[in-house]
Structure formats: C-alpha cells, structure tokens
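Reader: I am new to this structure. Please pick one part and take a close look at it, then show me how the rest is laid out around it.

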Amino acid sequence: MNDQLSPKRVARAIGVSEASLKRWCDKGLISAARTAGGHRRLSRASVVEFLRSTGHPVTAPELLGLPATCGSGDGVIEHAVERIFSALIDSDDERVRRVIFDLYLAGRSMIEIGDRAIATAMHQIGRAWEAGRIEVYQERRAVEVCTSVIGELRRVLPPPSATAPLTLGGSLAPDPYTLVGHMAELVLLEAGWRAQSLGIGHPVETLIAAIKAKRPRMFWLTASSVEEPERFVADCRRLCAAARENGAALVVGGRALNEGLRRELDYHAYCDNLRNLVSFAESLRLSQASGQTVS
C-alpha cells in the first residue's frame, strides 16, 4: 500500500475524528507533509510511531497496512514466542504477522523482537526439526514467513538520514541462510544507519568490491554455516584487510562461529546477538564523530 496516508484514512484507523487528528498534526504529535495541492499526508512510519509512543489504540489496523486485529496483544515477549512458534509450525502467516506487530505497537524495539522473539522461536523450530518433530519444509517455510514479516517491519521505520553512516552486510558462499542478515539490516535501520543487506552466498571478491565501491563505515558478515573452515578463514582475513584499507570495521557473527574458528579469524568485533551489533555500531558512530579511525 501507499506509505503516504490521508488524514481521513488515519482517523478512521485509530478511531478519532479527522478534526482531532489534524489538531494533533498541528501540535507536532504526528508529522505531516503537504502535497502540491496543499493536502496533508501522513507517513505510515510517523503514524505507527505515534501509536507506539502514546499507546493509543488502533481500531482498524488494516487501513494502515497492518495485520487485522493487531494492537490487542499484551506485549509480553515470552507469550509472543509461544504464539510465534505455534503459528510457524502451522504455517499461519497472518498470526505470525499479528503477534510480531503487536509487540512493535506495544513499544518493543526491533532488537527485542529480533533477539528475544524471532530468534528464540526459530531456535525452537530448529530443535523441533533436529528431534524429528517437524519436517524440513516446515522449517524452510518458517524462515520464509519470518523474512516476509521483517520486510513489512522495515516499511514502518522512518527512512534514515541521507547523511547517516552506511553499513553493508552479507555472507560468504556457500552459506544459504538469509534470516540473520535481514534481522541485522532491520535493527541497524532502526538505529539510524543506512543499512543494506547484500544477500547471501557471495564470493569474497564481490564483497571486497562492494567495500571498495561503497566505502561503508561498517560491514557485517554472518556465518550460519561453514562447510570449509580453512577457506572461510582465508576469505575472512581478506575481507578484514579490505575493510581496514577502506576505513571500515568488519563485524562477524553467526552460529557457525565457534570459539576455535573465531581464534583463526581477523575481524574488528564479534557479536553474538543483535543488541551487541547495534552497540558496536553506535560506538563506531561516536568514534567517527570524535575523528577516530578504524585500526
């Protein structure tokens, strides 16, 4: 749907009069822009942020492009994990969307949703598959559903500033796992970075080319699967050298990076969850502001 909404549509979605909504816009409670014809338009991101910050109920969420009936959850992560896991097993896309958007509207950050809700539910899916309680297709479908919801969450975030630091990320061939990279991109966008996931399974040469061409402040490398450790170590060292030469920090993470493998790698930071990734990114931003460089 169009991310620019009319006051009438938003007023209907949240159950208030159009006049009240316009007064809130005039007070700066919801940011609004004007069309060439002078009509107000509200971004979906600004409306969702208003709902999150005020706790105002939403009566017709589908008018905002949100899952029907969302906004009625309790915002408790532990309850959400149980519901997400159950819905993923049942391939109930809409229920997964509703539970995750309930968390966001209740004020939960993308970090909490990623680390504590989606990652925990997916770990449970993985354990169920390993124990033979679910089929491979159910695990793969769960990844597809979560990836789709993450894409929707991206669209309710305000766009980063054109002057925000750039960060790129991806994985090395033949790693086929997509979900971690999408979640990393999401939380870095929320933190105000111009985050771009380059996707999965790349030859190291093309990731080095991206660093040289784009010159990001940070590059995140996910490793959910490492089939050839020696090759991975060599590629990671090359990637770190390229990052260092171009003023970028290399951050690594992923379930395949056990302690023994990490000892062989070159990198600037290892992050075992999304919160650590954002914390390191923020330390980089502060060091950039003070004129420090990556070493």
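Author: Start with helix α1, where K8 and R12 are exposed. Keep in mind that this is a predicted model. K8 and R12 sit on one side of α1. Now turn to the other side. Helix α1 covers residues 7-14, and P7, V10, A11, A13 and I14 are buried in it. Looking down the axis of α1, these buried residues fall within an arc of 160°, so they line one face of the helix. An α-helix has 3.6 residues a turn, so residues three or four places apart point the same way.

What do the buried residues of α1 pack against? They meet two strands, β1 (4-5) and β3 (40-43). They also meet two helices, α2 (18-26) and α3 (44-54). Just after α1 comes G15, with a positive phi of about 75°.

Next, the sheet beside this helix. It is an open sheet of three strands, in the order β1-β3-β2, and its pairing is antiparallel. The strands β1 and β2 stand at the edges with a single partner strand each, so one side of each has no neighbour in the sheet. Helix α1 packs on this sheet and touches β1 and β3. The direction of α1 makes about 50° with that of β3.

Take the pairings one by one. Two bridges link β1 and β3 in the antiparallel sense. Here L5 has L42 of β3 as its bridge partner. Strand β2 (residues 33-34) is also joined to β3 by two bridges, again antiparallel. On that side, R34 stands opposite R40 in β3. The hairpin of β2 and β3 has five residues between the strands. In this hairpin, G38 takes a positive phi near 90°.

Which side chains of β3 are buried? The side chains alternate along the strand. R40 and L42 point to one face and are buried.

Now move on to helix α3. It holds V48. V48 is buried, with a relative accessible area of 1%; the limit for buried is under 20%. Setting aside residues up to four places away in sequence, V48 touches L66, Y104, L105 and V156. V48 and L66 are 18 residues apart along the chain, and 9.5 Å separates their C-alpha atoms.

Now step back to the whole chain. The domain assignment gives three parts: domain 1 (4-53), domain 2 (74-156) and domain 3 (166-292). The centres of domain 2 and domain 3, taken over C-alpha atoms, are 24 Å apart. Between these two, 15 residues of domain 2 are in contact with 13 residues of domain 3.

There is a second sheet to find. It is open, with five strands in the order β5-β4-β6-β7-β8, and the pairing is parallel. Its edge strands are β5 (194-197) and β8 (269-270), each pairing on one side only. Strand β4 (residues 166-171) pairs with β5 over four bridges, in the parallel sense. In that pair, T167 stands opposite A195 in β5. Helix α8 (residues 179-190) packs on this sheet and touches β4, β5 and β6 (218-222). The direction of α8 makes about 150° with that of β6. Another helix, α10 (residues 229-245), lies across β6 and β7 (249-253). It runs at about 150° to β7.

Last, the nonpolar cores. The largest has 73 residues. Those with the most contacts inside it are L64, L88, I118, M122, L188, M218 and L277. Helix α6 (residues 110-130) gives the largest share of this core, nine residues. A second, separate core has 25 residues, including V204, A223, V233 and A243.

To close, return to where we began. Helix α1 has K8 and R12 exposed on one side. Its buried residues pack against β1, α2, β3 and α3.

Notes:
Residues numbered from 1 in each chain as written. Predicted model: local features only at pLDDT ≥ 70, side-chain atom pairs only at ≥ 80, totals over all residues. Heavy atoms only, no water. Buried < 20%, exposed > 50% of the residue type's maximum accessible area, 1.4 Å probe, protein only. Arc of directions from axis to C-beta. Contact = heavy atoms within 4.5 Å. Pairing = 2+ DSSP bridges. Axes fitted to C-alpha atoms, helices over the stretch in contact; angles between N-to-C directions. Core = buried A, V, L, I, M, F, W, Y, C linked by side-chain atoms within 4.5 Å. Domains from an automatic or database assignment.
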